[in-house]
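The stops below are meant to be taken in order, with a selection at each one.

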Amino acid sequence: MFNSKFGSIPKFYVRAPGRVNIIGEHIDYCGYSVLPMAVEQDMLIAVEPVKTQTLQLANTNPLYPDFSTSSNNIQIDKTKPLWHNYFLCGFKGIQEHFGLSNLTGMNCLVDGNIPPSSGLSSSSALVCCAGLVTLTVLGMNLSKVELAEICAKSERYIGTEGGGMDQSISFLAEEGTAKLIEFSPLRATDVKLPSGAVFVIANSCVEMNKAATSHFNIRVMECRLAAKLLAKYRGLQWGKVLRLEEVQSKLGVSLEEMLWITEDALHPEPYSPEEVCRCLGISLQELRTQILSPNTQDVPIFKLYQRAKHVYSEAARVLQFKKICEEAPDDTVQLLGELMNQSHASCRDMYECSCPELDQLVDICRKFGAQGSRLTGAGWGGCTVSLVPADKLTSFLANVHQAYYQRSDRNLTFEKQSLFATKPGGGALVFLEA
């Protein structure tokens, strides 16, 4: 296909995997550790550097139109999260990191088998893939950690205020192990998953593109405001505080104590922007220009108590999950499943990032033998991840397929990538042509 598009053959190929977050949802951008693994599905880019300064992008999927631009004038349109903009994020991130102008052009053909807008990080995989493509064309070197940090930062060009989990696991993943990813400084620790069970991904087939709606960025701002109110309540310098984790580390208390402090400091009723201003002693103008992001300035209410409760309890569940994996008691699978179930309930009730189809799919998965099941990724659609005892896998897949995907009122075109068991896959790679 590359040959038919560009009349030449690629010089090398790059792949970057998608990921499933096993536990630790919506807490990476609050400064807390998460526990993802790479999936076997990935983005693949075939590349040929060219002498001109033109970047030509094509996609094997005809739904995604060809795109070309000057390699020295990268414009990323935040208003429309089109596929090529994710490539441009990775390209521009490397370009800016090295402070380069006068970049060589390239012909690139993109292929991927990560279901789009499914919560398995297809967009971040494309950003990471493009970053590694650009680095390779330039003949430069960076560590995997540096690459992950650059790609996490550059994905924000598209307008999503994400953390760094997706990019970190895409680069740092290793076959056969999940990873505890910690931030500031970024590092990854192996977490050995229990041998008697498998993780199964099920796609609700409700698409959710987090750059196309404001749900995601509103949650980021609610966590930021909650952090500032908690810091002020405890007499800290709240002006520079951006993340809930900073409040905990500045106070030097446990996650359990942070939950108590949240109970004391915040009320369950939603806060209006005016009330937030009164609590912090600032004007509405200061709130809008100095704290909120451009696309959250007109939000009428903020649910600060609920968001902080979710983040602190979810951060504790991640550490508990890792501890159980390390200690491997007899009832490991059951204990891990319970943590996943608690995580889904918190995402649904406190963070409000689920949807009816995800809740129904989680219930079906539990009914047919999953020890634990939860939404994974940003939510509001996308996938669930379930922990299923290995000896129940065949019947589980058949029953879930029938109960969710074959319902006549759903009108879903079932594809095998909608429901599959997965093992921890490896990270991003460059394949050089012989």
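**Before selecting anything**

This is a predicted model, in which local features need pLDDT of at least 70, side-chain atom pairs count only at pLDDT 80 or more, and totals for chains, interfaces and linings use all residues. Residues are numbered from 1 along each chain as its sequence is written, and side-chain values use heavy atoms, with hydrogens and water left out.

**Stop 1: the whole protein**

Show everything as a cartoon. The protein has 14 helices and 12 strands; helices (H or I, at least four residues) and strands (E, at least two) are DSSP runs, numbered from the N terminus. Its radius of gyration is 22 Å, close to the 22 Å that the globule rule gives for 434 residues, so the protein is as compact as a globular protein of that length. That radius is taken over C-alpha atoms, and the globule rule is 2.2 Å times the number of residues to the power 0.38. Along the principal axes, the C-alpha atoms fill a box of roughly 65 × 55 × 45 Å.

The accessible surface comes to about 18,300 Å², and 49% of it belongs to carbon and sulfur atoms; the areas come from the Shrake-Rupley method with a 1.4 Å probe, and for residues only the protein chains shown count as cover. Of the 434 residues, 57% are buried, where buried means under 20% relative accessible area, exposed over 50%, and partly exposed in between (1.4 Å probe, protein chains only).

**Stop 2: the sheet of 6 strands**

Select β1 to β5 together with β12. What is the order of the strands in this open sheet? The order is β4-β3-β5-β2-β1-β12, with mixed pairing; two strands pair if DSSP finds at least two bridges between them. β4 (67–70) and β12 (429–432) are at the edges with a single partner strand each, so one side of each has no neighbour in the sheet. From one strand to the next, the twist averages 20°.

Zoom in on residues 12–23, which form β1. β1 pairs with β12 in the antiparallel sense over 4 bridges, and phenylalanine 12 stands opposite leucine 432 in β12.

**Stop 3: helix α5**

Select residues 165–172. This helix, α5, lies across β1 and β2 and runs at about 125° to β1. How many of its 8 residues are buried? The count is 8 of 8, with Met165 and Phe171 among them. The cover over these residues includes β1, β2, α3, α4 (144–154), β6 (178–182) and β7 (187–191).

**Stop 4: the sheet of 4 strands**

Hide the previous selections and show β8 to β11. These strands form an open sheet in the order β9-β10-β8-β11, with antiparallel pairing. The edge strands, β9 (372–376) and β11 (419–422), each pair on one side only. Neighbouring strands are turned by 25° against each other on average, direction ignored.

β8 (residues 197–203) and β10 (residues 383–389) pair over 7 bridges; phenylalanine 199 has leucine 387 in β10 as its bridge partner. On the other pairing, 5 bridges join β9 to β10. In β9, 5 of the 5 residues are buried, so this strand is largely enclosed by the rest of the structure.

Between β9 and β10 the hairpin has 6 residues, and glycine 377 takes a positive phi near 90°. Then click threonine 384 in β10, the bridge partner of leucine 375. Threonine 384 is buried, with a relative accessible area of 0%. Its contacts include Val200, Leu358, Cys365 and Leu375, residues up to four places away in sequence not being counted.

**Stop 5: helix α11**

Select residues 304–327, the 24 residues of α11. The helix reaches 35 Å from its first C-alpha to its last, close to the 34 Å expected at 1.5 Å a residue; the expected span is 1.5 Å times one less than the number of residues. Of the 24 residues, 18 are buried. Just after the helix, alanine 328 takes a positive phi of about 45°.

**Stop 6: lysine 80**

Finish in the loop between β4 and α2 (83–97), where lysine 80 lies. Lysine 80 is partly exposed, with a relative accessible area of 47%.

Technical notes:
Axes fitted to C-alpha atoms, helices over the stretch in contact; angles between N-to-C directions. Contact = heavy atoms within 4.5 Å.
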